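Hi everyone, thanks for coming. I'd like to walk you through one structure today, going from the overall picture down to a few local details.

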Amino acid sequence: MIWGVLQFPGSCDERDALHACEVVGGEARLIWHEDRDLGGVDGVVVPGGFSFGDYLRAGAIARFSPAMEAVAEHAAAGGPVLGICNGFQVLCEAGLLPGALLRNEELRFICKQADLVALPQHPAVDGPETGHIGRFSAHRPEGADGGRTLSIPLKHGEGRYYAPDDLLDALEAKGQVAYRYAEGHNVNGSVRDIAGVRSERGNVVGLMPHPEHAVDPLTGSTDGRQVFEALERYA
Amino acid sequence: MSRHRELGLTDSEYELIVEKLGREPNAVELAMFSLLWSEHCAYKHSRKLLRRLPTEGPRVVMGPGENAGAVDVGSGYAVAFKVESHNHPSAVEPFQGAATGVGGILRDVFAIGARPIAVLDSLRFGELDSVRSRHLLDGAVRGIGHYGNSIGVPTVGGEVYFEEPYEHNCLVNAMCIGFAKTADMVRAAAAGVGNAVVLMGASTGRDGIGGASVLASAELGEGDDAKRPTVQIGDPFEESKVLECCLELLAKGLLVSLQDLGAAGLTSSAGEMASAGGVGIDIDVAAVPLREADMEPFEIMVSESQERMLGVVEPAKVDEVRAICDKWQTGSAQIGVVTDSGHIRILKAGQVVGDMPVEALVDGCPLYDLAPAAPAAWIYGNRATLPTDADSATTLLALLAAPSIASKKWIFQQYDALVGSRTVRRPETADAAVLQLPEAGNAIAVSIDGNGRKVACEPFNGTVEAVLECTQNLACVGAEPLGLTNCLNFGNPEKPVPAWQLDRAVSGLAAACEELGVPVVGGNVSLYNEGPDGPIYPTPVVAMVGELPDPARTAPSAFAKEGDAIGLLGPFAPTLHGAELTKQRGELEAGLPKPDVAAVAAACATVREAVRAGRVASAHDVSDGGLACALAECAIGAGIGCRADLQELRERGCTPEEALFGEGPGGFVLSGERGELEALGARVIGQVGGTTIELAAGDRSLIVGLGDATEAWRSLDARAESVAEPPADA
């Protein structure tokens, strides 16, 4: 699988994302924000950082880049897209994912290891055993809602997920809540402990924590690999 | 004659300028001279002392005089590092002061062609119960985080002390580590007559005019508000673009040389590049992109607007350089040309508005001898916060809760410590930060240390202790020092006591480095750090980079598991001189024992090899708060209690109190298998286990619940968070 990692002025974690894609067994290359053509990659990572300095609003400028037009087409065609942190913010600004990210409840940047529960795509219809969450199905699910707990670091100042109640109800009904902070790990005040969401089709996923920083046992954990692997089936 | 005094030049310095020019300087020239002849740029009170420092070693790639020092880490790679102060700006406006401190040190590192891979910080504030201190702490931490987080360089470590003498003059020292292929590194010397001088990055505005000379070369006093416009404003996004742009330009071989713009802006950058290359430079101020159209030539030359770099480019490559700047959406303009005149000439639309010999401007400032005099007694205050008759358990909890000892989680949690995927040991999990270098197949460890209180007690011995502390921290993660950099934060060198402190401290630094065989590859000096009550504690901050062969073999500070033996290793002979306990009792006085550097070095070598061989489960050096605090920290970090008998220290002539809470260099707390510890020469003093910390020390024995100890050690979180508005007078 060939991953393309977008690079905007102000991106920070694009090299980490490249490395992570390679660790999970893929090839990876950078895609400059002005490129309208993704060059035939199978999947896209919109990486973390501070694209365009987070000026105006996190992700608000990056969403207008030519590369994001191409990403929207790729997503519409069912191709996998993973937005991490600032990349999640960009995907929300671009309308590829529902909701918005607001400043952390305590108004401070926070960097720490967190537990996430990875949730199946359609819990009411297909249990995790049916394989609808990629390789998660290889593991015994944990937790009452059929999810599996991952240890992945987070680091952000604007990571408080927000959406109106009726939208949240709809997201939950359609299995669009992809990652929830485990109890005691919602450090930013996200509504309903939501750490990441997916598109209705499931091929576009965004989350605030950083799976690309959780692929090497030396630097923390390796649970982040599963976040990449879960998207491979859309390629 | 009064204008030069307002700019900080003495009458005799002014006369020397007139003599070197053969005429009176005009306003542009006077402004430029005043900055380059300021303490901050010319090191005129410290340069002679710094010649004492050993600067050579087999692993040194770049030494003092370059934008940053660098050491060889093998496989054709080098690690660059430098620490620099931003004290005075931070005392005026902590957020921007600290942010631009980080921005400035990053530029120093990528100016030599190294990609910044980590930041560390050394901070000093007044006591935490002061509203001003909490305001400064909050602003500085936010500022460091804002800049480092936004630009994608992890903040992996640092240290903080809270002491009354820093109340009016906080210290913000920022350190950057860079990584480069040795062959790709670049020096800052201008070369090639006829080559273009290209200014890259942000446009030039009126911010920070006179920042270096006004803020960092005189004491801050009443009416500091008038100096607020001299604080620079940082934009990490701009720096991120300039950084990537410069690294791309260097990788493509498009630059002859590169220099950052820091203190004294274009004046200093152009002057230093010309001086290093033995050439002249003509600068056309009309070609400099401005934020405000009506700026005077002198303002353009001395502006300290941030996020700017100066490159020397062959004429045929200028278009390509500018195209890459355009790609990164950052500014570029050819503003000058390298000449063979040996002069810096400032032109405006073809008219010469300033013309100075480079030698006079850059190297002509007179260097002064100090007039040191030792004080008759302890010159700093004493404030008792702990009764002398407090029992041992109460004392341990008070020490663990001391802001200088307590967990700094509240601070480091606001920093991205992970970006770059090199961080093997996160803050507070080991005694030094560890960064893996997969490209070179090994790893480095970094530590930054400097207990000003000890240096105040005795500047020579206190500085030796700072170097030893740094060395011990590296040993705990299995690293061997490759090089040292430093930032010397002192009071007014024109006064006898700060002059004596500086003189003795530099001698101590030189002696320790000489004996350890660690070269000093760079440094920075910040003088005139005084408040209305006198000078700060003399604070030489030392930072070391060490090498370790295998990032998987680094010991944590905390105990690993129940049942492990606890060993004490090293020539540890604790006393209460300058100790945290002595401070809390209000009994500080002059004097500090002379450390045995060779014995400490031998213990470091033992620990280093043991860690590399995986023979110990944990390693932590005994530092502030003594052995009792070191053991408590190991237990708290593990979430497991411990029992230890400190009889060993009593055999060395220590009182029970000194055994528990006394401080001094050379002590390591190790844990692991009893046989292994004994084979290393450690004395087994106890065992990991239980839910209490039980320390036997004769009539001062103590038992403290692990929960209580943890609560005390974690107490900074809540106390620092109670940030009030800025103090009414700031």
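Before I count anything: helices here are DSSP runs of H or I with at least four residues, strands are runs of E with at least two, and both are numbered from the N terminus. On that basis chain B has 27 helices and 28 strands. Please keep in mind that what you are looking at is a predicted model.

Let's stay with chain B as a whole for a moment. Its C-alpha atoms fill a box of roughly 85 × 50 × 45 Å along the principal axes. The radius of gyration is 26 Å, which agrees with the value near 27 Å that a compact globule of 730 residues would have. Of those 730 residues, 64% count as buried. If we take the contacts in chain B with a separation of 6 or more, 85% of them join residues 24 or more positions apart.

Now, how does chain B meet chain A? Here 23 residues of chain B are in contact with 22 residues of chain A. On the chain B side, the elements that give two or more residues are α8 (131-151), α10 (236-251) and β14 (423-425). By class, that side of chain B has nine nonpolar, twelve polar and two charged residues.

Next, a helix that I'd like you to find in chain B: α11, residues 265-277. Its 13 residues reach 18 Å from the first C-alpha to the last, close to the 18 Å expected at 1.5 Å a residue. Is α11(B) mostly covered or mostly open? It is mostly covered, with twelve of its 13 residues buried. Among the buried ones are Glu272(B), Met273(B) and Leu266(B), along with Gly265(B) and Gly277(B). After the helix comes Gly278(B), with a positive phi near 65°.

Seven of its ten residues are buried, so α1(A) is largely enclosed by the rest of the structure. The buried residues are Glu14(A), Arg15(A), Asp16(A), Ala17(A), Leu18(A), Ala20(A) and Cys21(A). And what covers them? The cover includes β1 (2-7), β2 (27-32), β3 (43-46), β4 (81-84) and α5 (225-229) of chain A. Just after α1(A) there is again a glycine with a positive phi, Gly25(A), at about 100°.

Back to chain B for a helix pair. Two packed helices are described by the angle between their axes and the distance between the axes. For α15(B), residues 392-401, and α26(B), residues 706-713, the axes come within 7 Å and cross at roughly 35°. The crossing is right-handed. From α15(B), the contact uses Leu397(B), Leu400(B) and Ala401(B), while α26(B) brings Asp708(B), Ala709(B), Ala712(B) and Trp713(B). By class, this contact has six nonpolar residues, no polar ones and one charged.

Why does Lys561(B) count as partly exposed? Because 13 other C-beta atoms lie within 10 Å, and the partly exposed class sits between 12 or fewer for exposed and 20 or more for buried. Leaving aside residues up to four places away in sequence, Lys561(B) touches Ala617(B) and Val688(B). Lys561(B) is also 7.6 Å from Ala638(B), C-alpha to C-alpha, although 77 residues separate the two in sequence.

That's my tour; I'm happy to take questions.

Note on methods
Residues numbered from 1 in each chain as written. Chains lettered and ligands numbered in written order. Predicted model: local features only at pLDDT ≥ 70, side-chain atom pairs only at ≥ 80, totals over all residues. Expected span 1.5 Å × (residues − 1). Rg over C-alpha atoms; globule rule 2.2 N^0.38 Å. Contact = placed C-beta atoms within 7 Å. Nonpolar A, V, L, I, M, F, W, Y, C, P; charged D, E, K, R; others polar. Axes fitted to C-alpha atoms, helices over the stretch in contact; angles between N-to-C directions. Left-handed = near helix turned anticlockwise from the far one by under 90°.
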